[in-house]
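Here is a short tour to read beside your structure. Please have the viewer open as you go.

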Amino acid sequence: MSSTRRHFLKAAAVTPGLLAAAQAPKSPNDRVQVALIGAGGQGIGDAHSSVAQPGVKLVAVADCYDGRLTSAKEVFGNDVFTTRDYREILARRDVDAVIIGTPDHWHSIIAIDAMNAGKDVYCEKPMVQHVEDGKPVIAAKEKTGQIMQVGSQRVSSVVYQKAKDLLKAGAIGEFNMVEAWWDRNSAIGAWQYSIPPDASTTTCDWDRFQGRAKHVAWDPKRFFRWRNYQDYGTGVAGDLFVHLFSGMHFVTGAIGPSRVYATGGLRYWKDGRDVPDLLLGVYDYDATDQHPAFNLALRVNFEDGSGETSGFRFIGSEGILTIGTGVTVTKHPGPTEPGYTIDTFPKATQEEFMREYRKQYPRTNANADSMRPDVEEKYLPPHGYSDHLDHHRNFISAVRSRKPVVEDPTFGFRAAGPALLSNISYFEKRMCKWDPKTMTLLG
Ligand SMILES: NC(=O)c1ccc[n+]([C@@H]2O[C@H](COP(=O)([O-])OP(=O)(O)OC[C@H]3O[C@@H](n4cnc5c(N)ncnc54)[C@H](O)[C@@H]3O)[C@@H](O)[C@H]2O)c1
């Protein structure tokens, strides 16, 4: 009893100082020094988008493959400090913020370590690999007062903002259903990433890469194509559904479904992966003060045959709103006749029915004046627009101002949670119940 109490008091005594330091704003011109942990495809893209913001410099990089450390120096300059051990980065005083671009199984661990070390965090999606990892990340953010942005960039997109505004203004009436999909038909789209010719246990720190996953014999496919294995990744749900949840939650103000069911299979890419390449999910969203009750249907198919397509359809009482490159609103045509099904009635009844019907819906001949106006409206982003740059702009400005980011750990977990439940539903062949408010798996 007493040792628990002492421990609590000690922790509480440290917290206000930590919080005060973390909450002190900087000037908008102050230099921000960032470090990258996980320098693969996305991490390097994140680093570029961060250093594209005025006054931001990349000072350090950690990765488990030496080739990526060499490449980071080639791209960002020889003075960048490099290491295999991310803890050396967290110990550096010249690092204000870290970008986490590692495989999914490292996200929550490094995010928590970084915030405890007094660093702000930009963490790639999905925020966590397992549902039970979510609340500890939120708690670390609360305890330390550090800034943390989760990396589903469409939350910062002007396209999704436009969709949000249109939906709120009633452009399609009251929506009742949302469909979203992300189909791909290529080896790279299906995660068969290149393996460098020098891949070995000399150039790759395999033990460190595996981290908390069960340790198995060296396998360059598991290292460079980690998404295909549950030990390190989160399947198509954690990779792609999570983007769809983030975008949809941002547009609708929803915080998550109450019921989750997913099915699918490994249909085409039988290359040793232990996750499906086709996944279908259905989700029930209960009504809140932000939106009516609605249903969501998601799909990822890696053997779709039609190249790569991704999009949303919001179906409403007065029209349909789609999101692709831009936003399109198609209104349902105005009030029409209800129609009739009278053929099987006796002739006299049919005549009587039609007399009444035509009184209510008089027949008008079409003429030029009776043509309906065009009911489709399209909104396109500026040429070359990048939501990824905007997402990093939002992060870096929060690092300076200490104001909230658009995609904090609670938002990030509310998107990752139902994506991860889709995996549980698929593998355990069952429906999952979720409390989106408390972010708890109910069964
Ligand atoms: N926001 C987006 O649109 C988007 C797009 C692609 C990927 N991502 C996310 O970015 C993350 C990385 O994906 P990727 O395609 O760049 O993977 P990748 O395999 O290209 O890069 C991951 C890198 O992390 C390194 N790494 C592994 N464990 C590490 C550790 N403990 N410390 C330091 N480095 C470590 C690996 O060596 C590897 O170089 C994933 O979580 C993915 O979901 C997001």
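How many residues surround the ligand, and which are the closest? In this predicted model, 26 residues surround the ligand, and the closest are G38, G40, Q42, C64 and E124. A residue counts as near a molecule if its C-beta atom, placed from the backbone, lies within 6 Å of it.

Two helices, α2 (41-51) and α8 (206-210), each supply at least two residues of this shell, and α2 gives the most, with 3 residues. Helices here are DSSP runs of H or I with at least four residues, strands are E runs of at least two, and both are numbered from the N terminus. The table sorts the shell by residue class.

| Class | Residues in the ligand shell |
|---|---|
| Nonpolar (Ala, Val, Leu, Ile, Met, Phe, Trp, Tyr, Cys, Pro) | 9 residues |

Now turn to helix α5 (residues 107-116). Of its 10 residues, 7 are buried, meaning that 20 or more other C-beta atoms lie within 10 Å of the residue's own, with C-beta atoms placed from the backbone. They are H107, S108, I110, A111, I112, A114 and M115. Their cover includes β1 (32-37), α4 (86-90) and β5 (120-124). After α5 comes G118, with a positive phi near 85 degrees.

How far can you trust the details? The chain averages a pLDDT of 93, a predictor's confidence in each residue from 0 to 100. Residues 1-15, however, stay under 50. Where pLDDT is low, the predicted coordinates should not be read in detail.

Residues are numbered from 1 along each chain as its sequence is written. Local features need pLDDT of at least 70 and side-chain atom pairs count only at pLDDT 80 or more, while totals for chains, interfaces and linings use all residues.

Technical notes
Contact = placed C-beta atoms within 7 Å. Buried ≥ 20, exposed ≤ 12 C-beta atoms within 10 Å, placed from the backbone.
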